[in-house]
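Okay, thanks for having me, everyone.

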Amino acid sequence: MAEIFHFDELEEAPLIVDAIYEGGKSKNIKDEVLNKLLPKTSNSGGFRKTLVDGSKEDYAYITLFTTMSEKEWPDYMDNYTGIFRYYGDNRKPGHELHDTARSGNKTLKELFSWLNNPALLYKIPPILVFKKEKGRNVKFLGLAVPGHKGYSEDQELVAFWRTIDSQRFQNYEAYFTILDTGKQPISKEWLKARVRGDPNSNSLAPKAWVNFQKNGRIGIKPLEAPEIRKYPPKKNQLPPKSDIDGNLVLNSIRKRYDNYKQGFEQCAVKIVQMIDTNFVQFDVTRPWRDGGRDATGYYRIGSENSNIMVECSLEAKLYNTNHGVNVREMSRLISRLRYRQFGIMVTTSYISDQAYKEVKEDGHPIIMITGKDIVEILRSKYITASNIEEWLDTIPEEIMIDELT
């Protein structure tokens with residue numbers, strides 16, 4: 001169970017990863033948590049900058065607040081790797097990339113430019129990440145730094161184009177890493193010392209932070225938390241009922257291919273390739289010579305000049321929420337895998353406990369992509385209920401109905 005701190009405890013409450021901090025009950029801005037929990041933090045906004053006393057440009061620390069519920073801007077926390085994806089604040093047309101009211105994008109550009117200049121690492125402030133919970137409550141996700149030791153400069157901060165109401169504009173997609181700060185809480189005395197501009201403030205800082213400031217990207221130690229549960233239940237494999245947009249997306253896919261389920265194979269291939277562009281050369285098998293395998297392809301590993309191609313086999317199951325992939329169907333995919341092949345099971349529904357167990361306990365090399373995964377993969381490419389039909393129109397139906405006769 002997560003530790004919970006009540007509203008009247010916030011000023012003295014420690015900063016503990018995954019702790020819940022409760023809002024007030026006045027039903028107005030006075031209930032806001034972060035400006036009471038953290039010294040000199042503003043009471044609104046997603047990107048909140050606290051400056052060093054007497055300075056107009058030096059950051060003491062930055063607070064990132066996310067709801068993780070904006071379908072057009074899907075911030076995301078990957079607990080397994082410690083990577084946090086955050087979208088900038090230029091979320092509507094009418095402004096240049098760095099010309100926004102709160103100038104969060106300008107700060108993002110600064111942070112990542114400092115990351116890539118060893119002489120300026122000292123300018124990067126601690127970044128505290130919080131997620132909205134019920135009501136005014138928030139959860140502390142941890143102490144973050146820009147970048148990730150496995151990412152290159154052109155991957156960690158990306159400016160991309162979006163279109164709303166026929167107007168084009170740019171925004172940032174930024175990647176941070178939550179540091180493994182150990183069992184001790186983040187010291188609020190450290191934050192106060194930074195606000196004062198104390199040159200010895202690092203004596204109060206977590207070791208992971210000091211190591212990052214000294215070594216930059218290669219000194220990042222992420223907070224990695226692999227899942228303990230082996231077999232996710234049905235409810236975790238499908239979007240919740242409250243995710244209206246996600247369920248509309250899945251229903252659009254089911255409706256599109258309901259009378260021609262072989263067409264979903266092409267859709268499944270496109271979804272897999274969205275995960276990783278190294279999935280290449282898929283051949284969707286014609287139904288009359290299917291043999292139980294919907295598509296074969298390759299995963300490319302290596303560099304442009306030297307790489308190997310690992311063969312994979314894909315099966316696509318267009319099911320509704322009450323029809324999961326069972327043991328028989330999973331066993332069919334397993335039986336068709338040859339030496340040094342791996343499998344991919346894509347379904348608009350879920351995978352049964354027993355089928356999951358057979359894959360995991362026997363160590364079969366199979367990637368399982370369920371309804372909730374499909375929704376999140378499409379959202380990562382800005383495909384929602386508002387444009388899913390247009391995206392489906394772009395998928396070729398290489399296997400035509402008359403070819404089956």
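Let's begin with a cysteine: is Cys267 buried or exposed? Cys267 is buried, with a relative accessible area of 0%. Buried here means under 20% relative accessible area, exposed means over 50%, and partly exposed is in between, with a 1.4 Å probe and protein chains only.

Before I go on, a word on the source. This is a predicted model, so to speak of a local feature we need pLDDT of at least 70, and side-chain atom pairs count only at pLDDT 80 or more, while totals for chains, interfaces and linings use all residues. Residues are numbered from 1 along each chain as its sequence is written, and side-chain values use heavy atoms, with hydrogens and water left out.

Back to the cysteines. A disulfide is a covalent bond between the sulfur atoms of two cysteines. The cut-off for calling one is a pair of cysteine sulfur atoms within 2.5 Å, and by that rule the count is 0. Cys267 is in no disulfide, and its nearest cysteine sulfur, in Cys312, is 16 Å away. Seen from Cys312, the closest cysteine sulfur is the one in Cys267, and 16 Å is too far for a bond. Cys312 is buried too, at 0% relative accessibility.

Cys267 belongs to the buried set of helix α8. Helices are DSSP runs of H or I, at least four residues, and strands are runs of E, at least two, numbered from the N terminus.

Now helix α4, residues 188–196. Its buried residues include Trp190, Leu191 and Val195, and also Lys188 and Arg194. What covers them includes α1, β3, β4, β7, β8 and α5, where contact means heavy atoms within 4.5 Å. At the start of α4, a side-chain oxygen of Ser187 comes within 3.2 Å of the backbone nitrogen of Glu189. Just after the helix, Gly197 has a positive phi of about 80 degrees.

Strand β7 holds Ile127, which is buried at 1%. Setting aside neighbours within four places in sequence, its contacts include Ile62, Leu64, Leu111 and Phe176.

Phe176 also turns up in the largest nonpolar core, which has 54 residues. A nonpolar core is a set of buried Ala, Val, Leu, Ile, Met, Phe, Trp, Tyr and Cys residues joined through side-chain atoms within 4.5 Å. Touching the most other members are Leu15, Tyr21, Leu37, Phe130 and Phe176. There's a second, separate core of 33 residues, including Tyr257 and Trp391.

Next, the rings. Two arginines sit over ring faces, meaning CZ of Arg (or NZ of Lys) within 6 Å of the ring centre and within 35 degrees of the ring normal. Arg48 is over Phe65 at 5.5 Å, and Arg162 is over Trp73 at 4.7 Å.

Last stop: where is Ser55? Ser55 is in the loop between β3 (47–51) and β4 (59–66), and it counts as buried at 19%. Its side chain reaches the backbone nitrogen of Asp58 at 2.9 Å, and one of its polar atoms lies 3.1 Å from the backbone nitrogen of Glu57.

That's my tour, happy to take questions.

Technical notes: A polar contact is a pair of N or O atoms within 3.5 Å; within protein, one must be able to donate a hydrogen and the other to accept it, and residues adjacent in sequence count only if both atoms are side-chain atoms.
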